[in-house]
Amino acid sequence: MGVDYQILGKNIKYYRKQKKLTQEQMAELLDLSTGFVSQIERGIARLSLDTLVSICDLLECSAGDVIGHSHTERFDIVSNEFLILYESLPKRDQRLFYHMLKAYADHL
């Protein structure tokens, strides 16, 4: 069984967004082109083991985290729909929703 580069790319994108990095910032930090980072995230490019390790070091995750199942597959249907809805919001609304949700969680 080979590497599913589509899942690998989705997971790299997930961890990059968790670190609040743009593709451009990630590319610069890794001395890669932005286009190559985009191709990795879309599952088009094949990357070397050295590049994978560098990406994982930057994103503070393991190779197993990005090679395994995609994060959307790990969420149940409700969580997945929540993420899709959240990501469809404009950035300022995402921030507002985040602060509202955080206040609610802190209240609990």
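Modeller: A salt bridge here is a side-chain nitrogen of Lys or Arg within 4 Å of a carboxyl oxygen of Asp or Glu. Side chains of opposite charge can pair when their charged atoms come close. This is a predicted model, in which local features need pLDDT of at least 70 and side-chain atom pairs count only at pLDDT 80 or more, while totals for chains, interfaces and linings use all residues. Residues are numbered from 1 along each chain as its sequence is written, and side-chain values use heavy atoms, with hydrogens and water left out.

Start with the layout. The protein chain has 8 helices and 0 strands. Helices (H or I, at least four residues) and strands (E, at least two) are DSSP runs, numbered from the N terminus. Along the sequence the pattern reads α-α-α-α-α-α-α-α.

Now the charged pairs. The whole structure holds 4 salt bridges. One of them joins Asp106 and Lys102, at 3.2 Å from N to O. Both sit in helix 8 (residues 91–107), 4 residues apart, so about one helical turn separates them. Asp106 is exposed, at 55% relative accessible area. Lys102 is partly exposed, at 37%. The scale is this: buried means under 20% relative accessible area, exposed over 50%, and partly exposed in between (1.4 Å probe, protein chains only).

Arg16 and Glu41 form another salt bridge, with their closest N and O atoms 2.5 Å apart. This pair links distant parts of the chain: Arg16 belongs to helix 1 and Glu41 to helix 3, 25 residues apart. Both partners are buried.

Glu60 pairs with Lys19, and here the closest N and O atoms are 2.6 Å apart. Glu60 is in the loop between helix 4 and helix 5 (63–67), and Lys19 is in the loop between helix 1 and helix 2, so the bridge ties together parts 41 residues apart in sequence. Glu60 is exposed, with a relative accessible area of 63%. Lys19 is partly exposed, with 33%.

Contact means heavy atoms within 4.5 Å. Not counting residues up to four places away in sequence, Met26 touches Arg16, along with Ile12, Val37, Ile55, Leu58 and Leu59. Met26 also belongs to the largest nonpolar core, which has 17 residues. A nonpolar core is a set of buried Ala, Val, Leu, Ile, Met, Phe, Trp, Tyr and Cys residues joined through side-chain atoms within 4.5 Å. Ile12, Met26, Ile55, Leu59 and Val66 touch the most other members. Helix 1 (5–18), helix 2 (23–30), helix 3 (34–41) and helix 4 (49–59) each supply at least two residues of the core. Helix 4 gives the largest share, 4 residues.

Gln94 counts as buried, at 9% relative accessibility. Leaving aside neighbours within four places in sequence, Gln94 contacts Tyr86, Glu87 and Leu89.

Last, the whole chain. Buried residues make up 26% of its 108 residues. Among contacts between residues at least 6 apart in sequence, 57% join residues at least 24 apart. The accessible surface is about 7700 Å², and carbon and sulfur atoms account for 57% of that surface. Accessible areas come from the Shrake-Rupley method with a 1.4 Å probe; for residues, only the protein chains shown count as cover.
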